[in-house]
Amino acid sequence: MKLFIKRSAPVLGLLGLGLAGCQPDIEAPNASSGSADFTSYVAVGNSLTSGYADGGLYNESQATSYPTILAQQFAKTGKGPANFVQPSFSAGRKDGSGYVKLLVVNGALTPVLPSASNSFLGEQVAYTGSTLPSGRPELESYTGPQPDNLGVPGISVLSADRTAASTGSVALDAATRGAAGAYGTVSEFYQRLLPAADRTSKDYVTYIGQKSASFFTCWMGNNDVLTYANAGGTSNLATNPFSGLTDTTSFGRGYRNIVNTISKGGTVKGVCANIPNVATTPYFNTVTVGAVLASYKAVNPAIANIYVTARTSATTAVTAARVATATDLLTLTAQAYIAANPGVGASPTAPIPSQYVLDPIEQTEVLNRTNQLNAIIAKTARQYKVALADMNTFLSDVTARGVTTNAVNNTVAFASGNIYSLDGVHPTPRGYALIANEFIRVINSTYGASVPTANANDYRGAVFPQ
């Protein structure tokens with residue numbers, strides 16, 4: 001199956017320009033920090049905070065992360081950070097972990113993953129050739145001062161705090177706490193931030209506690225549902241204690257520890273952001289059952305259905321093959337799997353495997369847990385008297401209606417919509433600029449500030465081949 005992508009053309013707002021000429025002169029308010037102090041701004045979070053995009057972390061993506069954009073806008077108040085430190089890769093390895101590129105393959109635009117087999121698409125990646133104890137490839141160590149952007153791709157609340165696990169299962173809690181304490185041997189993105197002596201013992205909560213912020217943003221929790229959802233509602237807690245939906249008791253314990261640590265017990269102002277509905281991202285809405293069926297019928301009109309492996313009940317993990325419906329969400333990674341396994345899904349004896357399908361039962365599980373964790377985030381923000389950025393509502397609105405920035409229409413359509421990058425989960429630089437502006441709206445409202453918003457059109461969408 002090929003993925004065909006139409007490139008959207010920017011719409012010139014001629015009418016809007018004409019109306020703008022009739023507007024009275026209105027002076028923009030002077031930039032002000034209000035009651036906030038941005039002189040030492042620190043960002044806590046996961047891949048979304050780090051600037052991860054196109055399935056990777058690289059210098060360009062870090063330079064257009066929402067914390068970087070926020071720091072630049074904070075500086076315009078005259079009370080912003082003089083310098084905002086990103087954990088960049090060295091110049092000769094500027095492409096970091098590597099990133100997906102959109103290339104023409106067999107006549108169709110296709111996202112291509114960098115790997116050793118394709119010489120990493122010519123990218124200057126930062127792999128050392130060694131592996132971590134977890135089996136993950138090691139990345140070049142970061143050697144500068146502790147960054148102000150503390151985002152670590154892949155980290156969850158459960159994996160951030162070595163005291164968080166509280167499921168009641170002695171064996172599982174011990175394994176989870178141990179893995180969180182030694183997260184520097186699990187994640188290549190956390191490993192590169194730590195001195196070698198700290199990788200087996202310093203958890204993320206301890207790491208962020210080393211910073212003395214005057215203002216912070218905290219966007220944690222996505223991976224407490226996203227890891228499970230992206231794997232089609234599958235997990236293996238025996239091999240990866242962070243692969244399931246985090247239980248509410250453990251999440252509450254870990255999240256409160258994170259906010260208490262970075263806010264110094266509620267004495268530092270900041271913003272907490274909640275968890276978006278991950279099922280609305282292009283990762284789950286680009287490869288559809290209808291598109292797969294149509295591609296098969298074009299070859300063999302006798303094929304009438306697509307078959308998937310799905311849960312049989314909300315109360316059991318048992319799965320079985322059945323006819324797929326439009327309510328089954330196929331993952332973006334299903335595209336490559338189907339291409340490598342021609343005919344998969346065309347019969348009940350060879351259904352599309354469960355890890356490529358988020359079925360309606362699993363969708364309900366993910367949504368219910370997201371709402372439960374968001375309630376904990378909101379309660380914690382109130383407890384520590386910091387603002388709450390409702391990114392769940394914001395991104396749901398963007399998904400439903402798109403957003404127009406200076407006469408350019410942006411949608412969540414894969415690649416062509418400008419907002420999401422080529423991994424289908426993480427934003428493009430323009431998407432991160434929109435997120436930064438939503439943080440600014442909340443900050444201005446909560447702290448009486450007048451931080452100017454960024455011009456989102458100054459930031460790119462997905463890169464198409466020339």
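Q: How do you know that strand β4 and strand β5 pair, and in which sense?
A: Two strands count as paired if DSSP finds at least two bridges between them. Strand β4 (residues 127-131) and strand β5 (residues 137-139) are joined by two bridges, in the antiparallel sense, so the pair meets that definition. Thr 131 has Pro 137 in β5 as its bridge partner. Five residues lie between the strands of this hairpin, and Gly 135 has a positive phi near 95°.

Q: What kind of model is this, and which pLDDT do local features need?
A: This is a predicted model, in which local features need pLDDT of at least 70 and side-chain atom pairs count only at pLDDT 80 or more, while totals for chains, interfaces and linings use all residues. Residues are numbered from 1 along each chain as its sequence is written, and side-chain values use heavy atoms, with hydrogens and water left out.

Q: What makes β1 and β12 edge strands of the sheet?
A: The open sheet has four strands in the order β1-β6-β7-β12, with parallel pairing. β1 (41-45) and β12 (387-389) each have a single partner strand, so one side of each is without a neighbour in the sheet. From one strand to the next the twist averages 20°. Strands here are DSSP runs of E with at least two residues, and helices are runs of H or I with at least four, numbered from the N terminus.

Q: Which strands does β6 pair with, and over how many bridges?
A: β1 and β6 (residues 215-219) share five bridges in the parallel sense. Four bridges join β6 to β7 (residues 269-273), again parallel. Phe 215 in β6 stands opposite Tyr 41, and its bridge partner in β7 is Lys 269.

Q: Why is β6 called largely enclosed?
A: Buried means under 20% relative accessible area, exposed over 50%, and partly exposed in between (1.4 Å probe, protein chains only). Five of the five residues of β6 are buried, so the strand is largely enclosed by the rest of the structure. Phe 215, Thr 217 and Trp 219 point one way from β6, whereas Phe 216 and Cys 218 point the other way.

Q: What does helix α4 touch on the sheet, and at what angle to β1 does its direction run?
A: Contact means heavy atoms within 4.5 Å. Helix α4 (residues 66-75) packs on the sheet, where it touches β1 and β6, and its direction makes about 160° with that of β1. Axes are lines fitted to C-alpha atoms, for helices over the stretch in contact, and angles run from 0 to 180 degrees between N-to-C directions. Eight of the ten residues of α4 are buried, among them Tyr 66, Ile 69 and Phe 74. The buried residues of α4 pack against β1, α2 (47-50), α3 (59-63), β6 and α15.

Q: How do you know that the span of α15 agrees with its 19 residues?
A: The expected span of a helix is 1.5 Å times one less than its number of residues. Helix α15 (residues 429-447) should therefore span 27 Å, and its end C-alpha atoms are 26 Å apart, which agrees. Gly 448, with a positive phi near 60°, follows α15. Of the 19 residues of α15, 15 are buried, so this helix too is largely enclosed by the rest of the structure.

Q: Is Tyr 432 buried or exposed, and Arg 382?
A: Tyr 432 has a relative accessible area of 1%, so it is buried. Tyr 432 is in α15, and it touches residues including Ser 47, Leu 48, Tyr 66 and Ile 69. Arg 382, at 58%, is exposed; Arg 382 is found in helix α13 (residues 360-383).

Q: What area is buried between domain 1 and domain 2?
A: Domain 1 (41-85 + 148-180 + 205-283 + 361-458) and domain 2 (289-356) divide the protein, with bounds from an automatic or database domain assignment. Buried area is the accessible area (1.4 Å probe) that two parts lose on being put together, summed over both. Between these domains it is about 960 Å², and carbon and sulfur atoms give 55% of it. Tyr 283, Ile 361 and Gln 363 supply 51% of the area that domain 1 buries against domain 2, more than any other three residues. In contact are 15 residues of domain 1 and 13 residues of domain 2. The C-alpha centres of the two domains are 32 Å apart.

Definitions and conventions:
Lists of a residue's contacts leave out its neighbours within four places in sequence.
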